Amino acid sequence: MPVEPKTAGPQLGEVYLTRFELQARVAELGREIARDYDGLEPVLVAPLKASFVFLADLSRALPIPHGVDFLELASYAAGADTGGHARIRLLKDLDAEIVDRHVLIVEDVLDTGLTLNYLCKTLALRNPASLAAATLLDRPYRRLVEDLPVRYVGFTVPDELFVGYGFDLDERYRNLPDLHVLRSPHGST
């Protein structure tokens with residue numbers, strides 16, 4: 001019986017951002033957020049899973065009192081009756097109430113803005129005192145939704161797939177301390 005050749009999968013590419021570049025920028029963001037939220041005790045809300053490393057580092061970089069909470073979202077393709085657009089649903093809700101709290105959504109990457117828009121609309125219904133967002137990676141050229149409350153941006157990045165620093169490929173590579181480009185087996189992304 002002939003053996004099927006294994007197809008080569010994506011390859012871990014070069015380091016795009018080192019752990020030191022990430023740490024330095026997160027520390028800067030922490031100082032900016034601490035200045036803006038001094039005396040307000042914000043709650044940092046992160047969608048799972050890729051943002052958990054950024055959230056942990058950002059939380060440690062904040063010298064002001066603050067809370068931390070998580071939620072989890074899933075996207076799925078809607079039926080033909082909705083034109084085949086992707087929909088978002090909530091898998092895990094916040095544990096704490098956010099009424100009259102200053103909420104800072106901590107995102108891993110901001111692309112089209114559809115997910116952040118959904119989060120903002122959902123959380124705004126709960127009457128927070130304020131609602132803003134921080135993102136580690138931003139791709140503003142992919143934005144489909146404007147007028148998002150993005151106040152803090154770590155890095156503007158090209159349209160590449162990244163792994164490490166919380167970003168994964170099939171639940172692998174999240175633990176890498178640097179952010180790597182993911183390459184196809186043929187040398188391109």
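## The largest pocket

The lining of the largest pocket divides into 17 nonpolar, 4 polar and 11 charged residues. This comes from a predicted model. The pocket holds about 810 Å³ of space. Its lining has 32 residues, and the closest to the pocket centre are Ala50, Asp108, Val109, Asp111 and Phe167.

Which elements give two or more residues to this lining? They are the strands β2 (43–48), β3 (67–77), β5 (102–110) and β8 (162–163), together with helix α3 (114–124).

## Helices α1 and α2

Two packed helices are described by the angle between their axes and the distance between the axes. Here, helix α1 covers residues 19–36 and helix α2 covers residues 52–61. Their axes come within 8 Å and cross at roughly 55 degrees. The two helices are therefore oblique to each other. The crossing of α1 past α2 is right-handed.

Which residues meet at this crossing? From α1 come Val26, Ala27, Leu29, Gly30 and Ile33. From α2 come Phe54, Asp57, Leu58 and Ala61. By class, the contact has 7 nonpolar residues, 1 polar and 1 charged.

## Backbone points to check by eye

Most residues other than glycine have a negative phi, and most peptide bonds are trans. Two places in this model are worth a look against that background.

Lysine 49 sits in the loop between β2 and α2. Strand β2 (43–48) also gives residues to the pocket lining.

The other is aspartate 147. Its phi is positive, about 60 degrees, although this residue is not a glycine. Aspartate 147 lies in the loop between β6 (130–138) and β7 (150–156).

Note on methods: Residues numbered from 1 in each chain as written. Predicted model: local features only at pLDDT ≥ 70, side-chain atom pairs only at ≥ 80, totals over all residues. Heavy atoms only, no water. 1 Å grid on protein atoms, 1.4 Å probe; cavity = no way out; pocket = protein on both sides within 12 Å on 5 of 7 lines; lining within 4 Å. Points joined across faces, edges and corners; volume = space filled by probe spheres on them. Helix = DSSP H or I, 4+ residues; strand = E, 2+ residues; numbered from the N terminus. Nonpolar A, V, L, I, M, F, W, Y, C, P; charged D, E, K, R; others polar. Axes fitted to C-alpha atoms, helices over the stretch in contact; angles between N-to-C directions. Parallel < 35°, antiparallel > 145°, perpendicular 65-115°, else oblique. Left-handed = near helix turned anticlockwise from the far one by under 90°. Contact = heavy atoms within 4.5 Å.
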